[in-house]
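Please read them with the model open beside you.

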Amino acid sequence: MREKADVWQGTLALMILKTLEGMGALHGYGIARRIEQTSGDRLSVNYGTIYPALLKLEQEGYIGSEWGVSDNKRKAKYYHLTRAGRKQVEREARDWQRTTAILDRFLAPEEQS
Amino acid sequence: MRQLRAWLLRLGGLFTGRGRERDLAAEMESHLALHIEDNMRRGMLPDEARRQALISLGGVEQTKERYRDRRGLPALETLLQDTRYGWRVLRKNPGFTMLAVLTLALGIGANTTIFSWIDSTLLNPIPGAAQTGDIVSITRGGTVDDPGEFSWPDYLDLRAGTRSFSGLAAFQFRPLDLTGTNKPERLWGADVSANYFDVFRVRPFLGRGFVAAEDEKPGGAPVAVLNYGLWQRRFGGDPHIIGRTIFLNRHPFTVVGVAPRAFHGTMTGLQTDIWVPFMMQQQVASGADWIHDRGDNELMMQGRLAPGVSIEQARGEMNLLMQHLAQQFPDSHFGQNQVGIYPLWRSPNGANGHFYIVLPMLMAIAGLVLLLACANVANLLLVRSVSRRREIAIRLSMGAGRGRVMRQLLVESIQLALAGGGVALLITAWSTGTLADFIPPTSFPVSLAIHPDRTVLLAGLAISIVTGLIFGILPASRSASLDPMAILKEETGSISGGRRKARLTSALVVAQLAMSLLLLVAAGLFIRAFQRAQQTNPGFNPEHVLVASFDLFPAGYTSEQGREFDRQLLAKLTALPGIQSASMADVMPLGLTRNTEMVKLEGYVPQLHEAMDIRSAAVGPGFLHMMQIPLVAGREFTANDREDTQQVAMVNQTLADRYWPNEDPLGKRIWAEGHWSTVVGVARTCDYDRLDEKPQPFLYLPLLQDYTSHPIVLARVAGDPLSFAPALEKAIHELNADLPVFDQDSLAVRVEIASTLQRLAGTFVGAFGLLALILATVGIYGVIAYSARQRTREIGIRMALGADRRDVMRLVLGQGLRLTLAGLALGLALSLVLTRFLSSALFGISATDPLTFGTVAACLGFVALGACYLPARRAMGVEPNVALRLQ
């Protein structure tokens with residue numbers, strides 16, 4: 001259970017960073033929706049899990065936050081990438097690609113058989 | 001770095017106020033509002049939109065909780081919670097808390113006290129010096145009481161030849177008179193090799209240490225370094241002291257430095273007031289020319305091992321060098337030439353040579369006391385846990401994990417232990433000074449600067465936490481393994497702790513009794529050994545003897561004039577009313593200073609490498625009579641043994657028996673101090689180093705022939721010795737009005753100093769034993785009383801069925817008796833095995849002394865049964881009617 005959660009935490013962090021990279025500043029709900037949409041609705045998790053992940057990234061200094069007003073005039077907390085966050089996106093993405101590439105080699109023959 | 005930053009932020013998150021909580025609520029609210037709006041835009045009704053939004057969020061409170069966990073540090077947060085809760089629980093039971101804290105404070109305090117002593121002696125042997133771990137003491141054979149020393153020429157050769165040492169220093173410790181403007185003051189000085197301050201890496205507070213050139217020309221380096229305390233006291237901390245001239249033994253010296261405040265010399269426990277180069281030996285000391293005489297071994301040696309060199313390697317090299325010297329100069333090396341190398345924690349130069357045995361022993365015993373205290377508190381906790389069973393059962397059934405319950409109980413224990421440790425440190429702040437109180441006031445420069453420092457504080461903290469875990473773990477794991485269902489179904493108070501718990505408390509009591517017996521046996525042995533030492537006749541009578549000393553050398557006397565002075569003084573003293581007899585000596589038996597002579601004995605051929613170093617004293621006429629040391633044969637020195645008559649000597653019985661067995665020692669010749677003397681008397685052997693020592697050979701030389709400028713005057717008086725001090729001083733001043741008189745003391749006090757360690761050990765082990773007795777008594781009383789109360793109902797039933805009061809008494813006492821016997825048996829077995837480790841500190845008594853064992857076991861058994869008797873009486877008074885209705 002725990003390992004799964006850890007993987008989820010790691011990938012979620014990367015998804016958040018990548019989303020913020022692409023979309024600029026965005027509130028928690030927006031990020032959650034965006035991740036859902038990007039995954040083609042294949043990923044359905046509780047939106048709530050995104051908040052601890054956001055807090056963790058903020059504590060690590062990869063993102064910042066401030067209160068703002070949404071398009072439809074609602075008060076919301078907006079998150080944005082910091083400089084360190086931008087670098088982290090690249091690093092994480094590279095690491096992730098490497099990991100998946102390795103895992104693919106392990107998984108590929110099995111799928112064939 | 002990122003991890004650290006996040007961790008710090010989370011640590012800060014523990015203490016966040018409401019602002020962040022409000023922020024979180026607002027964010028959740030805004031999230032839901034955005035989602036609901038979206039859902040409604042997709043055509044849902046408001047209620048459905050809200051429901052769907054909540055579902056996909058996964059619950060507002062759950063999200064908040066997960067968020068909070070990430071915000072703070074959950075583990076730390078629960079720890080804080082547990083601490084706050086534990087604090088409340090402990091405050092609610094002030095009686096229990098006080099008892100437990102007090103018990104622990106005594107147990108921990110015993111340990112921190114002894115540790116503070118170890119810390120400032122064995123662990124910090126030379127305050128003010130750097131990296132003392134590399135420094136060792138080097139002796140030429142000898143024992144802890146009398147480490148063999150080196151001559152200056154040998155020292156120079158060893159220093160030149162060694163590769164094992166990065167620096168080798170030599171020094172001598174001696175009294176000096178600071179003369180000049182004010183009244184002369186006696187100081188304890190060291191004349192040292194010029195590299196002294198460099199070897200110990202002591203950076204002077206002001207000015208400099210000594211330089212290599214000051215090691216070269218005899219009499220050519222009239223410079224001195226002052227002790228910081230002396231500089232403050234005598235010179236008012238004058239910042240322009242460097243370059244000033246002072247007079248030591250009437251000889252001018254230029255002050256070149258002030259030592260740092262912490263540095264008091266390199267012999268643990270002894271204070272050096274002033275340092276001068278050894279090249280000034282002729283100026284500060286009378287007598288022989290030690291700078292050139294290879295046969296005069298007067299210097300202590302300490303050195304810093306070169307990096308990577310072990311003590312064994314250094315010893316090997318030094319032995320080789322020493323052998324070489326012995327072959328080269330056989331005339332001056334017929335004595336002991338084996339080299340001994342000691343790390344400072346057991347260096348024979350200074351107090352550690354004695355402390356390193358006694359202090360670890362006391363530490364072990366204090367550890368035992370603490371274990372006993374742990375057992376007591378564990379029992380208290382077990383008893384109390386019964387009344388908390390329901391509380392814990394409820395928490396378990398509400399879903400608290402067993403680990404969580406256990407952690408909370410352990411936090412409580414550690415809190416108790418920390419409170420105990422806090423009180424213990426307060427106790428230590430006072431008790432640490434008691435070590436110095438054991439040393440009678442004396443003019444000898446004893447300085448034990450013992451302050452509980454940061455190390456002691458940390459040790460106290462560590463001991464407390466470990467203690468809390470030790471006594472807490474058993475009760476906590478018991479409580480956490482409760483079956484909540486069974487307990488909640490129980491009627492309150494109808495069932496005692498259950499069989500397993502009863503067995504556990506009984507085992508704890510047996511262990512307690514066994515440990516106390518061990519402690520009491522140790523205490524008994526120490527006290528008996530000490531008593532014996534006190535009762536032992538040291539071979540002379542130390543009562544009613546006044547001692548004092550003076551030094552004629554700085555006053556400018558030649559040896560000729562000095563002898564005349566001594567003769568006149570003795571004549572004056574014996575004529576004084578109230579003074580029965582008077583004599584002189586350069587060292588006294590059981591004093592702290594000693595003389596050793598390398599001797600040749602007529603007709604005795606030493607074996608290869610046999611040590612011919614023999615303890616000696618130069619004594620005046622009538623010395624044996626004055627000390628009341630019986631003369632076995634021949635005569636003692638008289639005023640007629642003068643420098644122009646035949647050189648004479650006396651030996652003790654042990655020397656005569658060992659070297660001239662079955663021969664008449666009278667008329668034999670003995671070579672010492674560079675000349676042959678004829679034995680004219682044999683004295684009975686007495687104690688020279690400490691009470692109850694093994695008999696050792698001893699040589700007496702006549703003070704009027706082998707002159708010393710600074711003798712000790714001894715006078716046997718009628719009444720209190722110190723009341724005669726003014727009369728003695730007056731007699732001296734009638735001969736020379738300016739001569740300072742030092743070290744006035746009673747001989748009995750000097751002898752008391754010789755048994756300081758036995759008194760120290762006896763007192764503390766005795767106190768620990770008493771503490772153990774109290775703890776064990778309270779322990780067994782608590783358990784028996786508690787179990788008797790738990791069995792009130794059972795007793796009621798028994799009585800209703802016809803048991804009479806005596807049966808009840810037997811029932812309760814029987815339980816106590818079984819526990820006591822088991823405890824005593826285990827304790828006796830333990831003691832038999834363990835007390836032998838004490839034997840090196842027990843003089844004149846066997847480590848398995850049957851009298852001690854028997855008395856202590858009987859005492860403890862009696863007290864334990866007494867502790868059971870009270871609850872038994874109470875049980876006897878149980879009214880069956882009342883007991884049976886008891887719920």
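What share of the contacts in chain A with a separation of 6 or more comes from residues 24 or more positions apart? The answer is 49%. Keep in mind throughout that this is a predicted model.

1. Chain A, overall. Chain A has 113 residues, and 25% of them count as buried. Four helices and three strands make up its elements. Along the sequence they run α-β-α-α-β-β-α.

2. The interface. On the chain A side, 19 residues are in contact with 22 residues of chain B. Helix H2 (28-38), helix H3 (50-59) and strand S3 (75-81) of chain A each give two or more residues to the side that touches chain B. H3(A) gives the most, with five residues. By type, this side of chain A divides into six nonpolar, eight polar and five charged residues.

3. The nonpolar cores. The largest nonpolar core holds 247 residues. Within it, B:Ala224 and B:Val369 touch the most other members. Helix H12 (residues 352-387) of chain B supplies the largest share of this core, 21 residues.

4. Around B:Val369. Leave aside its neighbours within four places in sequence. B:Val369 is then in contact with B:Gly107, B:Ala110, B:Leu519, B:Phe768, B:Leu771 and B:Ala772.

5. B:Tyr356. This residue also sits in helix H12 of chain B. Is B:Tyr356 buried or exposed? B:Tyr356 is buried, because 22 other C-beta atoms lie within 10 Å, and the cut-off for buried is 20 or more. Not counting residues up to four places away in sequence, B:Tyr356 touches B:Leu122, B:Trp345 and B:Arg346. B:Leu122 is 234 residues away along the chain, yet the two C-alpha atoms are separated by 6.8 Å.

6. Domains of chain B. The domain assignment gives four entries: domain 1 (2-72), domain 2 (132-346), domain 3 (354-535 + 756-885) and domain 4 (551-740). Domain 3 is listed with two segments, 354-535 and 756-885. The C-alpha centres of domain 1 of chain B and domain 3 of chain B lie 54 Å apart.

7. Helix H4 of chain B. H4(B) covers residues 60-71, twelve residues in total. From its first C-alpha to its last it reaches 16 Å, close to the 16 Å expected at 1.5 Å a residue. B:Thr63, B:Arg70 and B:Arg71 are its buried residues to look at. They lie on the same side of H4(B), because they cover an arc of only 100° around the axis.

8. Helix H25 of chain B. Which residues of helix H25 (residues 792-800) of chain B are buried? They are B:Ile795, B:Gly796 and B:Met799. Seen down the axis of H25(B), they fall within an arc of 105°, so they line one face of the helix. Their cover includes helix H26 (805-834), helix H27 (850-876) and helix H28 (880-885) of chain B. Just after H25(B), B:Gly802 takes a positive phi of about 115°.

9. Two positive phi values to check. Most residues other than glycine have a negative phi. B:Asn249 has a positive phi, near 45°. B:Asn249 is found in the loop between strand S6 (245-248) and strand S7 (251-258) of chain B. B:Asn249 is buried, because 25 other C-beta atoms lie within 10 Å. B:Asp743 also has a positive phi, near 55°. B:Asp743 lies in strand S22 (residues 742-746) of chain B. With 17 other C-beta atoms within 10 Å, B:Asp743 is partly exposed.

10. B:Lys489. Helix H17 (residues 484-489) of chain B holds this residue. Why does B:Lys489 count as exposed? Because B:Lys489 has 9 C-beta neighbours inside 10 Å, and 12 or fewer is the cut-off for exposed. B:Arg390 is 99 residues away along the chain, and the C-alpha atoms of B:Lys489 and B:Arg390 are separated by 9.9 Å.

Notes. Residues are numbered from 1 along each chain as its sequence is written. Chains are lettered from A and ligands numbered from 1 in the order in which they are written. This is a predicted model: local features need pLDDT of at least 70, side-chain atom pairs count only at pLDDT 80 or more; totals for chains, interfaces and linings use all residues. Two residues are in contact if their C-beta atoms, placed from the backbone, lie within 7 Å. A nonpolar core is a set of buried Ala, Val, Leu, Ile, Met, Phe, Trp, Tyr and Cys residues joined through C-beta atoms within 7 Å. Ala, Val, Leu, Ile, Met, Phe, Trp, Tyr, Cys and Pro count as nonpolar, Asp, Glu, Lys and Arg as charged, and the others, Gly among them, as polar. The expected span of a helix is 1.5 Å times one less than its number of residues. The arc is that of the directions from the helix axis to the C-beta atoms. Domain bounds come from an automatic or database domain assignment.
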